[in-house]
Amino acid sequence: MSTRQSPWEKTLILSRNSPVPLYCQLKDILKAAIECGKLKPNDRLPPETELAQRFQVSRMTVRQALIELENEGFIRRRQGRGTFVAEPKFRQSLLRLTSFTEDMQARGLKPGGRVLSIKVILGDKDLMQRFRATPDERFVRLERIRLADGEPMALEISFLRRKFCPGIEEIDFTDQSLYAILHEQFGLELGWASQTIEAKLANEYEAKLLGVQVGSPMLLMQRITYLADSLTPIEYVRSSYRGDRYQLYVEVKR
Ligand code: 16G
């Protein structure tokens, strides 16, 4: 363990006379160091005992500061390995009907996808209702992990109305864009979508696939996408995005 001080640590003075609690002061110092880039993504923070010593505070104070920083997504604890500065969050606009592939390309990242399963299903009551479909209609269920530069970002389960894209279950969706295939191979024009967003916690399955801790925050986005005729729903998707890596963005007018 090095005792050499990093540049961000030189001006660290916590004021004991301030009405601001010590853990808040410490949190603000670490947050400022992250925001101005003195502490970079994946930099390792010194252990709690060392921070406590350097700042002349108790371990409880350090722990409280770190818990808050973790809750706000600035740092990540990796079991047995220490505490690291988190990657900054991707900002996802809510205004346009874009695909994961387009979103990643717009950020200069390489989009990717690993297929977990793809199959045809029949007689699912929930889907029949969502699509206002008849009982004999078949759907294709596609489950994928979505990657950005090889890093897992989301788990996505898409349900498609097979009659609009017959045989789509034969396609290998590894690193392929669903929206591009719907357009290029099946001539489908997507028009608009309705979408809900809610908070959830990663379950064991999601945590394992996305490389996060069980119980870490997730954004569950559910989308029903309609064809350009405005009336025909074609896709229902449940996308579980990592809450530590995503931030939703919308501009509002008064
Ligand atoms: C996005 C969409 C999802 C769509 C997918 C297509 C959200 C919340 N979800 O992840 O509905 O199916 O993109 O991506 O935006 P692709 O064309 O890259 O396969």
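Here's a quick rundown of the aromatic contacts in this structure. Keep in mind that the model is predicted.

**Phe 100 and Tyr 241**
- Phe 100 and Tyr 241 make a tilted aromatic pair, with 6.4 Å centre to centre and 50 degrees between the planes.
- This pair ties together distant parts of the chain: Phe 100 is in helix H4 (residues 100–106) and Tyr 241 is in strand S9 (residues 233–242), 141 residues apart.
- Phe 100 and Tyr 241 are both buried.
- The two rings also belong to a cluster, in which ring pairs link Phe 90, Phe 100, Tyr 241 and Tyr 246.

**Phe 159 and Tyr 236**
- The ring centres of Phe 159 and Tyr 236 are 5.7 Å apart and the planes meet at 15 degrees; planes under 30 degrees apart count as stacked, so this pair is stacked.
- Here too the pair links distant parts of the chain, with Phe 159 in strand S6 (residues 151–161) and Tyr 236 in strand S9, 77 residues apart.

**Charges over rings**
- Tyr 236 has a charged neighbour as well: Arg 130 lies over the face of its ring, at 4.0 Å from the ring centre.
- Elsewhere, Arg 78 puts its charged end over the ring of Phe 84, 4.5 Å from the centre of that ring.

Key
Residues numbered from 1 in each chain as written. Predicted model: local features only at pLDDT ≥ 70, side-chain atom pairs only at ≥ 80, totals over all residues. Heavy atoms only, no water. Phe/Tyr/Trp six-rings, centres within 6.5 Å; stacked < 30°, edge-to-face > 60°. Helix = DSSP H or I, 4+ residues; strand = E, 2+ residues; numbered from the N terminus. Buried < 20%, exposed > 50% of the residue type's maximum accessible area, 1.4 Å probe, protein only. Lys NZ or Arg CZ within 6 Å of the ring centre and 35° of its normal.
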